[in-house]
Amino acid sequence: WSALGRGVLAGRYRTDTPRDSRAASQELSWFVEPYLTQKPRAVVDAVAKAGEGLGMTPAQVALCWVRDAPTVASALVGPRHRKQLAELLATADMSLPGEITTALDDITGGPNLARRKPQQDAGQS
């Protein structure tokens with residue numbers, strides 16, 4: 001769940017905390033704060049940069065990246081507005097190039113070994 005990192009991967013918190021956001025709320029800030037540290041911010045920057053190059057929004061990049069990971073059956077999202085829902089539904093026919101997926105995996109801690117194709121492993125014994 002929370003395929004968009006509680007909204008952080010959508011790029012909304014890239015430069016500051018919007019006043020109308022969960023992070024700005026006294027009741028909900030605890031929900032978002034763990035995703036506002038240095039490492040998650042680097043991931044958000046990478047997702048946003050990938051989106052710029054691909055003509056996608058950061059939310060679309062993040063959803064495709066998570067949704068298409070091996071062993072992920074579905075990605076749960078919680079859009080708060082119709083515009084957000086439309087943005088996310090548009091990813092139905094989108095996918096990320098392998099180089100982008102690999103770069104995002106690397107920035108988050110290394111290769112996702114479940115993404116490896118069997119032919120990649122065949123020559124490595």
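**Exercise 1.** Are α2 and α3 roughly parallel or roughly perpendicular to each other?

Before the solution, a word on the model. It is predicted, so local features need pLDDT of at least 70 and side-chain atom pairs count only at pLDDT 80 or more, while totals for chains, interfaces and linings use all residues. Residues are numbered from 1 along each chain as its sequence is written, and side-chain values use heavy atoms, with hydrogens and water left out.

*Step 1.* Two packed helices are described by the angle between their axes and the distance between the axes. Here an axis is a line fitted to C-alpha atoms, for helices over the stretch in contact, and angles run from 0 to 180 degrees between N-to-C directions.

*Step 2.* For α2 and α3 the angle is about 105°, and the axes lie 8 Å apart.

*Step 3.* Angles under 35 degrees count as roughly parallel, over 145 as roughly antiparallel, 65 to 115 as roughly perpendicular and the rest as oblique. The helices α2 and α3 are therefore roughly perpendicular to each other.

*Step 4.* Now list the residues in contact (heavy atoms within 4.5 Å). Helix α2 contributes Val43, Val47, Ala48, Ala50 and Gly51, and α3 contributes Pro58, Val61, Ala62 and Trp65.

*Step 5.* For classes, Ala, Val, Leu, Ile, Met, Phe, Trp, Tyr, Cys and Pro count as nonpolar, Asp, Glu, Lys and Arg as charged, and the others, Gly among them, as polar. This contact of α2 with α3 has eight nonpolar, one polar and no charged residues.

**Exercise 2.** Find how α2 and α5 are arranged, and which residues make their contact.

*Step 1.* Locate α2 at residues 38-54 and α5 at residues 98-107; their axes come within 10 Å and cross at roughly 170°.

*Step 2.* The pair α2 and α5 is therefore roughly antiparallel.

*Step 3.* On the α2 side the contact uses Lys39, Ala42, Val43, Ala46, Val47, Ala50 and Leu54, and on the α5 side Ile100, Leu104 and Ile107.

*Step 4.* Sorted by class, the contact of α2 with α5 has nine nonpolar residues, no polar ones and one charged residue.

**Exercise 3.** Describe the secondary structure and the overall totals of the chain.

*Step 1.* Helices (H or I, at least four residues) and strands (E, at least two) are DSSP runs, numbered from the N terminus. The chain has six helices and zero strands, in the order α-α-α-α-α-α.

*Step 2.* Of the 125 residues, 31% are buried (under 20% relative accessible area; exposed is over 50%, partly exposed in between, with a 1.4 Å probe and protein chains only).

*Step 3.* Among contacts with a separation of 6 or more, 66% join residues 24 or more positions apart.

**Exercise 4.** Which residues have the most contacts inside the largest nonpolar core?

*Step 1.* A nonpolar core is a set of buried Ala, Val, Leu, Ile, Met, Phe, Trp, Tyr and Cys residues joined through side-chain atoms within 4.5 Å.

*Step 2.* The largest one has 22 residues, and Val32, Val47, Val61 and Leu96 have the most contacts inside it.

*Step 3.* At least two residues of this core come from each of α1 (29-32), α2 and α3 (58-67). Helix α3 gives the largest share, six residues.

*Step 4.* Take Val61: leaving out residues up to four places away in sequence, Val61 touches Val47, Ala50, Gly51, Met56, Leu96 and Leu104.
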